[in-house]
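Subject: Model for your review

Dear colleague,

Please find below the structure I promised to pass on, together with its sequence. My notes on what was found in it follow directly after, and I would be glad if you read them with the model open.

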Amino acid sequence: MGRTQRLRNMIEEQFLVEFDEELNDQSDLFKAGVIDSFGYVQLLGSIEEEFSIQLKDEDFLKDILTSLESIDAFVAKKIAERGDR
């Protein structure tokens, strides 16, 4: 299973939603009511564990990741920084 699908499954399982035509990869998960600030912190913690990446404090605050697409790009960047491809 690819990274994007793993992230999609993680969000669906943690927040009891399903991605479809209405909730897609570009949807703002905050505006859609899927996650709030507490859920965001939980999600980033799960991403750290799932993808074996370390997030710094500024990662939590600098660029708030609002969509699956932005989360996926962020995780890809962190994995690349770690040296995995």
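Phenylalanine 51, leaving aside its neighbours within four places in sequence, is in contact with Arg3, Arg6, Leu7, Met10, Val75, Ile79 and Arg82, where contact means heavy atoms within 4.5 Å. Before going further, please keep in mind that this is a predicted model, in which local features need pLDDT of at least 70 and side-chain atom pairs count only at pLDDT 80 or more, whereas totals for chains, interfaces and linings use all residues. Residues are numbered from 1 along each chain as its sequence is written, and side-chain values use heavy atoms, with hydrogens and water left out.

Phe51 also belongs to the residues with the most contacts inside the largest nonpolar core, which has 23 residues, the others being Ile11, Leu29, Val34, Ile47, Ile71 and Val75. A nonpolar core here is a set of buried Ala, Val, Leu, Ile, Met, Phe, Trp, Tyr and Cys residues joined through side-chain atoms within 4.5 Å, and buried means under 20% relative accessible area, as against over 50% for exposed and in between for partly exposed (1.4 Å probe, protein chains only). At least two residues of this core come from each of α1 (3-15), α2 (37-51) and α4. In soluble globular proteins, nonpolar side chains tend to be buried together.

As to the overall fold, the secondary structure comes to 4 helices and 0 strands, and the pattern read along the sequence is α-α-α-α; helices (H or I, at least four residues) and strands (E, at least two) are DSSP runs, numbered from the N terminus. The radius of gyration of the protein is 12 Å, which agrees with the value near 12 Å that a compact globule of 85 residues would have, the radius being taken over C-alpha atoms and the globule rule being 2.2 Å times the number of residues to the power 0.38. Along its principal axes the C-alpha trace spans about 35 × 30 × 20 Å. Of the 85 residues, 36% count as buried, and among contacts with a separation of 6 or more, 61% are between residues 24 or more positions apart.

Aspartate 72 is found in α4, which covers residues 68-82, and it counts as buried because its relative accessibility is 11%; leaving aside its neighbours within four places in sequence, Asp72 is in contact with Arg3, Thr4 and Leu7. Lysine 78 also has its place in helix α4 and is buried, with a relative accessible area of 10%. With neighbours within four places in sequence again left aside, Lys78 is in contact with Ile53, Gln54, Leu55 and Asp59.

For the protein as a whole, there are 10 positive and 20 negative side chains, and the centres of the two sets lie 9 Å apart. In that count Lys and Arg are positive and Asp and Glu negative, while His and the chain ends are not counted, and the place of a charge is taken as NZ of Lys, CZ of Arg, CG of Asp or CD of Glu.

Most residues other than glycine have a negative phi. Leucine 16, in the loop between α1 and α2, has a positive phi near 50°, and with a relative accessible area of 76% it is exposed. Serine 52, in the loop between α2 and α3 (57-61), likewise has a positive phi near 50°, and is exposed at a relative accessible area of 53%.

Finally, some distances that you can check on the model.

With best wishes
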